[in-house]
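Please view the chain alongside the text.

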Amino acid sequence: MGTFYALGVVKKFSAESNQTLNEANWKEHLNERLDMEQYTINFRDNAIEGKLKKEVFEKNIKDFYNKLVTITNNELISIYFEDSGTDVEKYQHWITGMTVKEHSPHITLSAEFAILFIEGKVAVEEFSIEPNLMNWLFRHVDLSNPLSGCIMTDIVG
């Protein structure tokens with residue numbers, strides 16, 4: 001198969017901290033990477049789990065693909081939408097992770113994302129900066145679409 005670059009919407013995630021955090025602390029740290037308003041969340045002292053609200057994907061995925069087509073100037077990017085539509089469970093998925101915060105507290109995030117597109121064969125098996133960069137850019141750019149706060153990238157395969 002090989003390794004490929006993928007971009008997707010985080011369907012569900014879990015995060016762990018080396019310290020006990022309250023709900024406000026969790027939201028403060030994770031909201032930098034994922035729009036917490038788009039998820040149903042279960043908090044525990046040193047862990048959190050979130051699941052994308054079904055209606056967020058259903059109501060916004062078509063517009064999000066339209067924005068990706070505009071950004072990339074490439075209609076082929078929406079082929080997965082043509083096949084899978086508005087049901088997030090019909091999309092291929094991938095599990096990835098990142099360190100959200102290195103120190104005080106140390107927070108690691110594991111996420112399962114619905115793959116919106118795969119591109120090209122890549123010669124590396126792991127990126128460290130690019131996934132963080134793309135995640136942050138999508139989270140903080142105003143695309144007027146709530147799914148932009150739910151994006152992660154990774155090398156799949």
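## Basis

Helices (H or I, at least four residues) and strands (E, at least two) are DSSP runs, numbered from the N terminus. The expected span of a helix is 1.5 Å times one less than its number of residues.

The model is predicted: local features need pLDDT of at least 70, side-chain atom pairs count only at pLDDT 80 or more, and totals for chains, interfaces and linings use all residues. Residues are numbered from 1 along each chain as its sequence is written, and side-chain values use heavy atoms, without hydrogens or water.

## Helix 4

Helix 4 covers residues 129-140, 12 residues in total. Its first and last C-alpha atoms are 17 Å apart, close to the expected 16 Å.

## Salt bridges

The whole structure holds 7 salt bridges (side-chain nitrogen of Lys or Arg within 4 Å of a carboxyl oxygen of Asp or Glu). One joins Lys 27 and Glu 23 at 3.6 Å, N to O. Both lie in helix 1, 4 residues apart.

Another pairs Asp 63 with Lys 67 at 3.5 Å. Both sit in helix 2, about one turn apart. Shared partners link Lys 11, Lys 12, Glu 89 and Glu 112 into one network.
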